[in-house]
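Below is a briefing on selected local features of one protein chain. It is organised by topic, for reading alongside the coordinates.

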Amino acid sequence: MKKKWLAVLLCTCLAFAGCGSSGEEEGEEVSKNDGKGQSGSLLAGNKTPISTPVPADSGNGSEGDTGLGDITVPDVNNPAEDTGAYWRPQGSVVLGQYIGVSVSEEKAEVSDESVQSEIEYLLEQNVEPRAIEGRNIVEKGDYVCVDYTLWVDGEQVDEITEEYLTVGDGYYDFEESLPGTYIGESKTAECEVEDYMHSEYLGQTGTYIVQIKSINERIVPELTDAFIAEKTDFETVEAYRQDIYDTLLEEAKEQARSRERVSAFEKIMEDSTFTGISDADIQSYVDETVAYHEQYAAMWGTQPEQLVSLLYGETYEEFLAVAREDGEYAVKQYLILDAVIEDAGIKLTDEEYDKALAEYAAENDFSSVEEVEDTYYKEDLVEQFLRDKAYNMIVESMIVG
């Protein structure tokens with residue numbers, strides 16, 4: 001029931017545009033570009049079968065026999081049709097160098113503070129309250145247990161029992177009214193509703209009736225081998241600490257490699273010439289990004305502006321500007337991949353298709369490869385796997401130093 005969340009980890013993997021974001025450690029801002037430059041999947045939605053086979057000149061980008069038999073495909077020229085359209089941005093590119101691109105090595109580092117932060121989080125999760133004897137009046141900074149109800153327009157909209165909070169932390173609308181309240185006393189506080197868990201009433205006047213149950217000490221457990229053995233899968237503090245370090249290091253390495261891949265594609269973009277890029281394609285990326293964050297804001301009971309501020313530490317206008325920059329990057333990246341497929345003559349064998357399909361099914365929690373093919377057009381799958389193959393060829397040829 002808090003206005004803020006101590007540990008919110010969102011992995012904003014946009015299936016539409018193949019770019020992702022991952023949360024950092026608690027207390028740090030989240031980078032929206034951690035996955036930028038990765039090929040990812042552009043598949044979106046369920047297919048609506050069209051009963052006719054693909055003609056050689058259907059206008060879907062293929063020439064002659066596709067080699068895929070009688071497959072059903074969406075009408076990519078009719079966006080109004082609910083076909084689960086695959087993202088094919090408009091425009092063309094004259095490629096610069098794309099093989100053997102030189103990039104600076106990104107260092108993967110893990111600080112002692114990062115490891116300690118993870119340990120402290122585990123300790124905080126196991127804090128135990130202990131009632132303070134000889135005190136019955138609440139003061140600012142006290143760790144109290146309360147029951148409370150929220151009323152809006154004369155109607156009770158929430159009831160919470162045995163909620164522990166630190167008076168003055170600012171997580172609850174009614175906290176400022178608690179100092180001076182006695183144990184057992186019910187305090188009525190009228191204030192503007194700002195608690196994100198009651199987002200449907202934000203800005204309205206709420207009446208909180210709060211009863212103080214106890215005033216407590218916060219007993220933080222001692223970090224010992226016995227505690228670690230009880231609360232984790234490790235036997236000693238040192239083993240647990242090492243595992244945290246190893247995990248964070250692997251994450252840091254992947255983030256470093258991701259930054260190197262981004263640098264490589266940025267160099268390719270600088271060395272290439274683009275024409276005919278559609279603003280509508282860029283805006284579609286922005287719209288999908290906004291829709292994604294609106295979905296998560298609704299899940300957390302808050303507004304998109306507050307979610308963006310919490311995750312990224314920036315205004316909503318700044319967030320939209322970055323989303324637009326990422327949209328342009330995504331359009332250019334996939335124009336490059338499509339051009340590389342043609343320039344390098346990249347093909348997909350039956351064996352490569354089957355392997356990629358199995359990997360896609362496993363990575364995206366499909367029960368079988370058949371379910372994937374029932375969900376997406378086979379042409380779209382082939383095109384995506386070709387793009388993945390072009391992407392891998394580029395990043396595997398990078399010269400890092």
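The model is predicted. By the ring-centre criterion, the count of aromatic pairs comes to 16.

- Strand S4 covers residues 143-152 and strand S5 covers residues 155-166; the two run antiparallel and are joined by nine bridges.
- Across this pairing, Val146 stands opposite Glu163 in S5.
- Two residues lie between the strands of the hairpin, and Asp153 takes a positive phi near 55 degrees there.
- In a regular strand, side chains alternate between the two faces of the sheet.

**Charge over a ring**

- The ring of Tyr143 has the charged end of Arg218 sitting over it, 5.4 Å from the ring centre.

**Loop residue Ser111**

- Ser111 belongs to the loop between strand S2 (102-103) and helix H1 (112-125).
- Is Ser111 buried, exposed or partly exposed? Its relative accessibility is 30%, so Ser111 counts as partly exposed.
- Ser111 and Tyr245 are 134 residues apart in sequence, while their C-alpha atoms are 8.7 Å apart in space.

**Aromatic pairs**

- A pair of aromatic rings is described by the distance of the centres and the angle of the planes.
- The aromatic pairs number 16. For Tyr316 and Phe319, the ring centres are 5.4 Å apart and the planes are at 35 degrees, so this pair is tilted.
- Tyr316 and Phe319 are both in helix H6 (residues 316-343), and because they are three residues apart there, about one helical turn separates them.
- Tyr316 counts as buried because its relative accessibility is 15%, and the cut-off for buried is under 20%.
- Phe319 has a relative accessible area of 1%, so Phe319 is buried as well.
- In the pair of Tyr360 and Tyr376, the ring centres are 6.1 Å apart and the planes are at 80 degrees, so the pair is edge-to-face.

Conventions
Residues numbered from 1 in each chain as written. Predicted model: local features only at pLDDT ≥ 70, side-chain atom pairs only at ≥ 80, totals over all residues. Heavy atoms only, no water. Pairing = 2+ DSSP bridges. Helix = DSSP H or I, 4+ residues; strand = E, 2+ residues; numbered from the N terminus. Buried < 20%, exposed > 50% of the residue type's maximum accessible area, 1.4 Å probe, protein only. Phe/Tyr/Trp six-rings, centres within 6.5 Å; stacked < 30°, edge-to-face > 60°. Lys NZ or Arg CZ within 6 Å of the ring centre and 35° of its normal.
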